[in-house]
Amino acid sequence: MLHQVTPLILTYNEAPNIARVLESLRWAKDIVVVDSFSTDETTTIAASFPNVRVVQRVFDSHRNQWQFGLKETGIQTEWVLALDADYIVTTDLVNELRHLQPDYVTGYRATFVYCINGKPLRSGIYPPVTVLYRRAAAHYVQDGHTQRISLDGPVEDLEASLLHDDRKPLRRWLESQARYTKLEAQKLRAAHPAELSRVDRMRRWPLIVPPLALFYCLIIRRGILDGWGGFYYGFQRSFAELMLSVYMIKG
């Protein structure tokens, strides 16, 4: 099935990450990188791969950027593999894609192994994401601070996982979280409680989830056994929830 798949990647100043994801996609005949006019070496690195096409578009929203990549960049294959620049496609996943027989399936969800500087963590809580889908059956919708894919048809789970390994500096993460948590707070305040998951309903009550997130990552998910990386990740997730609580309080 690999010859029927085009990887689609969004970038903005992803020089610390982009080469690793593209190395894991050497099997692809065509890779589309939609770049939001990066000011670092992202586009130079991406263009050095012979199977990559770089298309630039001014960023206005995650939904619009992904929709542009899906519909307006000349993708010809039946299937699209939508990836963030800090994802890495494992050998196991490539082998699974090679032998997939989709039949009636419209999309596939992947789980993630979260990594800190290349070290896999047992405590990662990155949720499954639909990353592989039929191009003709898909469109994107905005969902809080990010986007989600909407598919006309059944979605199944992949057995192999993707790696999530972001090597950008902590400053970039803090800047991103400041934007994301503000948008997420707006979404939580506007939504009817019945539309939200149990966790999101808890997040509407400030200062409850931050300590729970730390306890969950370090104890329940055994991140304490991951050493420094586990503590770093646990406190990172707790801090992100604390930022969200601040925005919920500020209104």
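The model is predicted.

**Stop 1: helix 5 against helix 8**

Select residues 170–190, which form helix 5, and residues 228–250, which form helix 8. Their axes lie 8 Å apart and the helices pack at an angle of about 45°. An angle under 35 degrees would count as roughly parallel. Helix 5 and helix 8 are therefore oblique to each other. Their crossing is right-handed.

Now show the side chains of the contact. From helix 5, pick Leu170, Trp173, Leu174, Gln177, Ala178, Thr181, Lys182, Glu184, Ala185, Leu188 and Arg189. From helix 8, pick Tyr232, Gln236, Arg237, Phe239, Ala240, Met243, Leu244, Tyr247 and Met248. Colour this contact of helix 5 with helix 8 by residue class: 13 are nonpolar, three polar and four charged.

**Stop 2**

Over 145 degrees counts as roughly antiparallel.

On the helix 7 side, select Val209, Pro210, Pro211, Ala213, Leu214, Cys217 and Leu218. They meet Gly230, Phe231, Tyr233, Gly234, Phe235, Arg237, Ser238, Glu241, Leu242 and Ser245 in helix 8. The residues of this contact of helix 7 with helix 8 divide into eleven nonpolar, four polar and two charged. Arg237 is on the list for helix 7 and also on the list for helix 5.

**Stop 3**

Leave Glu241 displayed and centre on Arg203. Which side chain does Glu241 meet in a salt bridge? Glu241 pairs with Arg203, at 3.1 Å from N to O. Are Glu241 and Arg203 buried or exposed? Both are buried.

The cut-off for buried is under 20% relative accessible area. Arg203, at 16%, therefore counts as buried. Asp200, at 13%, does so too.

Salt bridges that share partners join Glu184, Asp200, Arg203 and Glu241 into one network.

**Stop 3: a partly exposed pair**

Go to Arg26 and Glu23. They form a salt bridge, with the closest N and O atoms 3.1 Å apart. Arg26 has 46% relative accessibility and counts as partly exposed. Glu23, at 43%, also counts as partly exposed. How many salt bridges does the count come to? It comes to 14.

**Stop 4: helix 3**

Last, select residues 62–71, helix 3. Seven of its ten residues are buried, so helix 3 is largely enclosed by the rest of the structure. Which residues of helix 3 are buried? Select His62, Gln65, Trp66, Gln67, Phe68, Gly69 and Leu70 to see them.

How values were computed. Residues are numbered from 1 along each chain as its sequence is written. This is a predicted model: local features need pLDDT of at least 70, side-chain atom pairs count only at pLDDT 80 or more; totals for chains, interfaces and linings use all residues. Side-chain values use heavy atoms; hydrogens and water are left out. Axes are lines fitted to C-alpha atoms, for helices over the stretch in contact, and angles run from 0 to 180 degrees between N-to-C directions. Helices (H or I, at least four residues) and strands (E, at least two) are DSSP runs, numbered from the N terminus. Angles under 35 degrees count as roughly parallel, over 145 as roughly antiparallel, 65 to 115 as roughly perpendicular and the rest as oblique. A crossing is left-handed if the near helix is turned anticlockwise from the far one by less than a right angle, and right-handed if clockwise. Contact means heavy atoms within 4.5 Å. Ala, Val, Leu, Ile, Met, Phe, Trp, Tyr, Cys and Pro count as nonpolar, Asp, Glu, Lys and Arg as charged, and the others, Gly among them, as polar. A salt bridge is a side-chain nitrogen of Lys or Arg within 4 Å of a carboxyl oxygen of Asp or Glu. Buried means under 20% relative accessible area, exposed over 50%, partly exposed in between (1.4 Å probe, protein chains only).
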